[in-house]
Every structure is written in structure tokens, then in C-alpha cells.
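I opened a notebook for this structure and wrote down what I looked up. The entries follow the order in which I went through them.

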Amino acid sequence: MDYLKTVVPSQLLAERGSNLVVINPGSANIRIGLAQHDAPVSVPHCIARRTSQVPKKNVQDQLLNSQVTTVQHMERERAYDIIASLLKIRFLDEEATNNQYPQKMGRVDAFPPQSNNKKETVIPWTNVFEKSTSSSSDEGNSLKSGEFSTEKEGNANEETNLTEPKYREHIFGEEALRISPAEPYCLRRPIRRGHFNISLHYPMQQVIEDMHAIWDWILTEILRIPRNQRHAYSAVLVVPETFDNREIKELLSIVLRDLCFTTAVIHQEGLAAVFGNGLSTACVVNIGAQSTSVMCIEDGVTLPTTQITLRYGGEDISRCLLWTQRHHQTWPPIRTDGLTKPIDLLMLNRLKESHCHIREGEVEAVAIVHSYEEGAPPGSHKTRLTALNVPPMGLFYPMLLVPDVYPPPPRSWFSDSEDMLEETWDFPRRPDMSDGYLAGGASGFYPMWENYPVFQSKPKKQDTIGLADAIAKSILSAGRIDLQRKLFCSMQLIGGTALTEGLISATEERVLHAIPSHEAIDTVEVLQSRTNPASVTWKGGAVLGILDFTRDAWIHREDWIKNGIHIGSGRKYKDSYFLQAQTMCFTNS
């Protein structure tokens, strides 16, 4: 402990973070990097594999999206009008009486963009062919002048075959999102809406294989940590609160068995966010791309009864932006589809980040909208977007967003006789238990999961209430009035959507209105994040990993492969429910 009193934080990061890889997987992006780095590498969590399937699907799970029903459409219009009255703008079908800016739009392909804003630059198509080497042509040019021309002609066909373009078998990250629909590729997203994206169209084995391929590519090509060197590294997994026990176990198998890390530990995003901002008590509101979670932390320990999961996020705001502009007839006459054309969703996300914010009054902006048609170069259209403050308000009125529906896996898939979140084991391991219960068996891809008896499993709750109501409900379930008051004044917004201008003040106002009148609470406050809200959970995972000197909860590769977490191994995953804030004093100093 004397060492901790004298060491400089930067020195501690350099010494203990050089061989510690922090992995924070999400539905849309994965943040990964060495703990000694200031910020992680953020990569779209997807992979595009070459396919010969006919008819070809651009996205593996595009058949799972539900169409908007008439009732949903009516509820969406009603939610828009409620938001319009709050923001003091015209209603959905109300004509502008004094519109000084007539709606105009037109193609601007022939003119270079006047703005240097990166968000408005054209997103290019990905080159799906492997990089050709010029070695063969160099050899052809180095032939001596005395050789016969017939020999050159004879080698011409061979050189042509060598330089013939060859498709890449798989493409990762943002490049995968920018593949033209005309190319023979199918995009896969291993995680969807905060869970493994398992369905009849996307079986579990493919999900696991794709996730392993994405992570292995990032480690090898971006972090420059090849497989044969990973035995010298440990991993910190920072997982969303939405994950079930079995999903956490599968991630451990990927990290320890497939990626060959020597040890690993798991922390939840809520607790990691608190450590990332140097707090001890807070209500953490994590607004992700496809799901949102609310969790309260007291003195460095999570309160499991306060957890609420909402099935909407930043991507739903982007799709709502498209619906709003089309309804107001400000969107160019182009075929924009954020569900089956990933590059369109990429463009919509950039428009949302650049122009959407929350404030009263009409919010309009002139923007460049791009069209991406199959077999044609990208086109540019200049238009005036309107009602840009409405889509972000969908967080408080989720019926405006109408998120696409992805049916979850059968609940029996999550059945688990070994609870990773609570100390529920009161029985010894039976001597008649077959080896099929253990990871690393010889039968099948993941045999240890197929032999489990089916127990009643309680699924994670997916509430459809608004964000302000969810925050109030979560904090009021904490119990003590003194703790409730402290949490209402210590709200923390994290995730990329938390950067939306005006969201903090809107959250404070809506939460104050959501508190029942009989509660003795009259003050709410959202704390400013000390670090980037999009990567604060990753930073917190790095802090937890570096300051965990005892490593009692860390799982060794050999133990996991041989024994899983059965009680005879003497090791068991400890969730953040049981993590004490023993390093809080160092974090806050």
C-alpha cells in the first residue's frame, strides 16, 4: 500500500496497463484497447462474408424486421404532436403559415462541398478485392532484352491470371458497412438489441464464430497483438447489463479459449462508468445504439433491483430522423433504407450527430444528403432539413421511434444451473455428472450447454416506458429516501447519444416531472462527464483492471477450459454486485 501512496497515476497506468486488454462489446460498436492508452479503438461490431447464396441478402437478419402497423403509425403521429407542443413548433400535419424558407432541394454533384465538415463528406464504396501485388509484373519487366518475344507472349496469359481481381473472403468494421449491395457479400451483426443476435437465420455457432473473427482481426491488425503473444496478456470484459448468464459465459470462452488470453475478468458497464468518472454513487443511464439501460450504484456496488432495460437507442433516433424528413417532404426523392442498406444508416447517423439537438422553437439546417444506389457512384443532394429537435425527444416518448423488432432466442437457451450473478449454489457437484457438462468436451461445438437440465429462467426486463420515467422508476426503487435524493442529484448520461446538445437539460426537466407528487424530492441534476461519454465504460474497465491487485475474481485459461465454473474448481465469476469500492480513495484522489 505504501507503493500506491507514492506512485504517480501515469506511472501506474504504464506499468500495469501494458499487458491488459480492455474489451467493451456493444450492439453497434466494440471498443477495445490496452489499458495504458488514453482512449480505445472503436470499430463497428460487424463482419461481411462473401456469399454465393441466391437470392442474396444484404444483411443476415434483414428478414426479422417487423413492418410498422397502423396502430403504431397512429401512436407515432400522436407522440410527434405531444413533442411539438412541448418544443413549441408546428404539429405534424400543420402547414407553416409564415415559412420564410421555402423547401428546396437539388443535386450538387457537380460542385465541391463548401463545408469542411467531415460528417457531410461522401462515404465511398469499399474495395472488395484483395490488394494486388506487382511482383509478377516487376519480374516481367526485368526480363533481358535478348529473350525471345515468344516467351513473353507465352507468359502473358499467366500474368493475366495472376493479376485477376480476387474477392476478399471477409471484411470487418466500417468497411463492411460500406459494401455495395451489388457485391456478393452478406453483413452480419453478432449482437443485436443488447443480446446475441441468434435466430433461425443466424444460428448460435455462426454468431460465436463471427464474434471471434472480429475480435481476432482487431487484436492482430489494429492492436498488433498476434495470437502467439497473447499468453502474456490478460483481458477485462466490460459487458452490458442486458447480457444473460449464458452470453457472459460464451464471451469468456471466446476470450480464454479461442483468443488465448491467460486470464480474464468481467465487469458490468454501469459500475465501470462510475469508476471511469471517479464517482462512488450515481444513477448511470447508458444510451447505446440499440438499447438503453438504467442502473444505480451506491458506494461502488451496483443495486440489482434498480436495473431497467429499454429497447431503443441512438440508431432509432437516426431512423426517426428519416421518417420525419420524409413526412415533411424535405428528403430528396432517393431510396434510403437504413435496415437493408447499412451505408444509408451510416449516413443517417452522421446527419443525426451533426444536426440533431434539443431546444425550443423550429430547428432547421441546410445539409448534404447522399444517395447510394446499386451499381452507381454516390450522389449528393442539398436540402433543408426541418424539425431536427424532434427525433432526440423520442427517448422520452418511445412510441415516436417504433424500433424494429428482433425476436429473442427461445428462453430455454438461457437456462442455466449455475448462476453467475448470485451465490445460489447450495449443492456439491454430483459424481454422476457427465463430462458433457464441462467446456472443452469432444461432442459438438459447445457441448457443455446442451446437457443442462431446463430450469425456469427469468428473462431480462425490456420496458417500453420513456427515459425519464425509467430513471425515476429506477431511483425510487432504491429504497432509502436519503439515497434516492443523492441519486437524483448524481445522474450520469453515457453512450454516444449522450453527446446530443440539449439532452442534459431536457433529461433534468423531464425527470423532475416524472417524479410522483407525493415524493419528497424537488431537485435533480445530471453530472457532467469527466471523460468522453462514448468511451467512459471502457476507461472504467481499464481503471478496475489496473487497480485490482488481488485479482481474486480473475479466471485463468486452464481452469476455464478444463472445469468451466463448477464448484469444485474453487473459482467463480464475481459480478460487480459483490465488488467492494476498496480502490475508491485512489480513484477520487
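**Ground rules.** I am working with a predicted model, in which local features need pLDDT of at least 70 and side-chain atom pairs count only at pLDDT 80 or more, while totals for chains, interfaces and linings use all residues. Residues are numbered from 1 along each chain as its sequence is written, and side-chain values use heavy atoms, with hydrogens and water left out. For elements I use DSSP runs numbered from the N terminus: helices are H or I of at least four residues, strands are E of at least two.

**Sheet 6-4-7.** I looked up an open sheet of 3 strands, and its order is 6-4-7 with antiparallel pairing. Strand 6 (170-172) and strand 7 (185-188) are the edge strands, each pairing on one side only. On average, neighbouring strands here are turned by 20° against each other, direction ignored. Two strands count as paired if DSSP finds at least two bridges between them. Strand 4 (residues 47-50) and strand 7 have 4 bridges, in the antiparallel sense. I also noted that Arg-50 stands opposite Tyr-185 in strand 7.

I then checked what lies across these strands. Helix 7 (residues 204-222) lies across strand 4, strand 6 and strand 7, and runs at about 110° to strand 4. Such angles are taken between N-to-C directions, from 0 to 180 degrees, with axes as lines fitted to C-alpha atoms, for helices over the stretch in contact.

**Strands 12 and 18.** Strand 12 (residues 282-287) pairs with strand 18 in the parallel sense over 4 bridges. Cys-283 stands opposite Met-491 in strand 18. Which way do the side chains of strand 18 (residues 491-494) point? Met-491 and Leu-493 point one way, Gln-492 and Ile-494 the other, and all are buried. Buried means under 20% relative accessible area, exposed over 50%, and partly exposed in between (1.4 Å probe, protein chains only).

**Ile-358.** I found Ile-358 in the loop between helix 11 (342-355) and strand 15 (365-371). Ile-358 counts as buried because its relative accessible area is 10%. Leaving out residues up to four places away in sequence, Ile-358 touches Asn-389, Pro-392, Met-393, Glu-501, Gly-502, Leu-503 and Ala-506; contact means heavy atoms within 4.5 Å. Ala-506 is 148 residues from Ile-358 in sequence, yet the two are 7.4 Å apart in space, C-alpha to C-alpha.

**Salt bridges.** I took a salt bridge as a side-chain nitrogen of Lys or Arg within 4 Å of a carboxyl oxygen of Asp or Glu. By this rule the count comes to 19.

- Arg-246 and Glu-250 meet at 3.6 Å, N to O. Both lie in helix 8 (residues 245-258), 4 residues apart, about one turn of the helix. Arg-246 is buried at 6% relative accessibility, and Glu-250 is buried at 0%.
- Glu-373 and Arg-335 meet at 2.9 Å, N to O. This pair links distant parts of the chain, 38 residues apart: Glu-373 is in the loop between strand 15 and strand 16 (379-385), and Arg-335 in the loop between helix 10 (314-327) and helix 11. Arg-335 counts as exposed, at 64%.
- Glu-221 pairs with Arg-224, with the closest N and O atoms 3.9 Å apart. Glu-221 is partly exposed at 42%, and Arg-224 is exposed at 59%.
- Arg-49, Arg-188 and Asp-210 are linked in a network of salt bridges.
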